[in-house]
Amino acid sequence: MKNSHSANSQKFNGNSELRDDTDLQFGWFEWLLALGMALTWGSSFLLIDIIIHDAPTTFVPFGRSLFGMIALLFVPGSTQKTAREHLPRLLILGLIWMAMPFILFPLAEKTVASSIAGMMNGALPIVVALVTAIWVRKVPSTQRIIAVLVGFVGIVLIAAPSIREGSSADAKGMLFLILAVLCYAVGLNIARPLQAIYSPATLMLRVVGISTLISAPLGINAMRSTNFTIEMIAATIFLGALGSGFAFLLFGTLLKRTGPVRAMIPTYFTPVVGTILGVFFNDEKILFLSMLGMLVVIFGAWLTSRPEKMVDKEN
C-alpha cells in the first residue's frame, strides 16, 4: 500500500509541476473562496499594526502561526498522516511559505506606509505569474499577461492618493516587502505537488505547524517585552485563526482547483479591503481615483479568472 502511495506521489508530482493552470472555470464557489481570502488577508495589515504597537515584530510570526495551527486542528481531516518522504518539502514550505513572510511584513510595516505595503502585496499576481512561468518553463498567454497588468494598474490607482499625500517608504522596508512576495510565489510552486496528494487542511496544518516551531524561539523570547492588551491579544487571535488558518485553508483549496496564477486573484482585492477598513477605523476618505481603481481591479480579476485553455481556444 505504501509503494502504491509513493507511485501516485511521483505521478502527481510530475503533473503538478508541469502546469501553471487548470481547466476549471472560475465559478461562484471559487469567487466565494476568493472573497473569504480577500477579507481576511485585506485586514491583516491593520491587525499587524495593532500587534506591533504592543509587541516586538518577532512575536507576530509565532503568534499568528500558533493560532493558525490551533484553528486548523478543528478542521475535519487535517490530522491525516503524511509520508516521511515529503518532510523535506514540508520543512521548506514552513520556512518559505509562512515563517519568513510572516516576519518580513511586520518588519516592513515599521517603515513602510500601509498603502504601499498593500500595493506591494497586491502585486503578488505579477510576481507569481513570472515565478511560475520560470518554474514550469512556459510563457503565459498574452491575455493572461494583460489581465495581470490590468489588475495591478487598478491597485496603483487605489494606493496613489495616499502616496501623493505624503506616505513614505524606505529602501529597507521595500526590500522586506519584495522578499515576502517572492517567498509566497516560490512557496506556492513548491507546494503544488503535495496538493495533488493531500487535502488542503492536511497540508496547511503541517506547514503552519512547522512555521510555529521555526518561529517559536524568537517569538517566546519576544513575549517577555510584550504588553498583552486586550486589543493586541484579540488581533493576534484573529490574525492567526483567520488569516493564517482559515484563509490559508481557502487558499490551498483555490490553488488546488485553479492553479497558482488564478489562486492569486484575492490579492487584487486586499487594497480594496484595506481602503474600506481605513474609512471605518481611521476616518479616511475614499477618493474618486481609488473608486476608479476598485472597478479596474474587479475587471482585472475577472480577466485573470479565465482558464488558459479557454483563452487559447478563443485566440
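This is a predicted model: local features need pLDDT of at least 70, side-chain atom pairs count only at pLDDT 80 or more; totals for chains, interfaces and linings use all residues.
Biologist: What is the relative direction of α2 and α11, roughly parallel or roughly antiparallel?

Modeller: Helix α2 covers residues 28-42 and helix α11 covers residues 230-258, and their axes sit 9 Å apart. The angle they pack at is about 150 degrees. Angles over 145 degrees fall in the antiparallel class, so α2 and α11 are roughly antiparallel.

Biologist: And which hand does the crossing of α2 and α11 have, left or right?

Modeller: That one is quick to state for this helix pair. The crossing of α2 and α11 is left-handed.

Biologist: How many of the residues in the contact of α2 with α11 are nonpolar?

Modeller: On the α2 side, the residues that meet α11 include Phe29, Leu33, Met37 and Trp41, and on the α11 side they include Leu242, Phe246, Phe248, Phe251 and Leu254. The contact also has 5 polar and 2 charged residues, and the nonpolar ones number 11.

Biologist: Which class of aromatic pair do Trp41 and Phe248 form?

Modeller: A search of the whole structure turns up 11 aromatic pairs. For Trp41 and Phe248, the centres are 5.5 Å apart and the planes are 65 degrees apart. Planes over 60 degrees apart get their own class, so Trp41 and Phe248 are edge-to-face.

Biologist: How many residues apart in sequence are the parts that the Trp41 and Phe248 pair ties together?

Modeller: Trp41 belongs to helix α2 and Phe248 to helix α11. Trp41 is buried at 12% relative accessible area, and Phe248 is buried at 2%. The pair ties together parts whose separation in sequence is 207 residues.

Biologist: What about Trp41 and Phe251: which class is that pair?

Modeller: Phe251 is buried too, with a relative accessible area of 2%. The ring centres of Trp41 and Phe251 lie 5.5 Å apart, with planes at 55 degrees, so the pair is tilted.

Biologist: Which residues do ring pairs link into a cluster?

Modeller: Trp41, Phe248 and Phe251 are among the members.

Biologist: Is Asn189 buried or exposed?

Modeller: Asn189 sits in helix α9, residues 171-195. Leaving out residues up to four places away in sequence, Asn189 touches Val131, Thr132, Trp135 and Pro260. The cut-off for buried is under 20% relative accessible area, and Asn189 has 3%, so Asn189 is buried.

Key: Residues are numbered from 1 along each chain as its sequence is written. Side-chain values use heavy atoms; hydrogens and water are left out. Axes are lines fitted to C-alpha atoms, for helices over the stretch in contact, and angles run from 0 to 180 degrees between N-to-C directions. Helices (H or I, at least four residues) and strands (E, at least two) are DSSP runs, numbered from the N terminus. Angles under 35 degrees count as roughly parallel, over 145 as roughly antiparallel, 65 to 115 as roughly perpendicular and the rest as oblique. A crossing is left-handed if the near helix is turned anticlockwise from the far one by less than a right angle, and right-handed if clockwise. Contact means heavy atoms within 4.5 Å. Ala, Val, Leu, Ile, Met, Phe, Trp, Tyr, Cys and Pro count as nonpolar, Asp, Glu, Lys and Arg as charged, and the others, Gly among them, as polar. Buried means under 20% relative accessible area, exposed over 50%, partly exposed in between (1.4 Å probe, protein chains only). Rings of Phe, Tyr and Trp (its six-membered ring) pair if their centres lie within 6.5 Å; planes under 30 degrees apart count as stacked, over 60 as edge-to-face and the rest as tilted.
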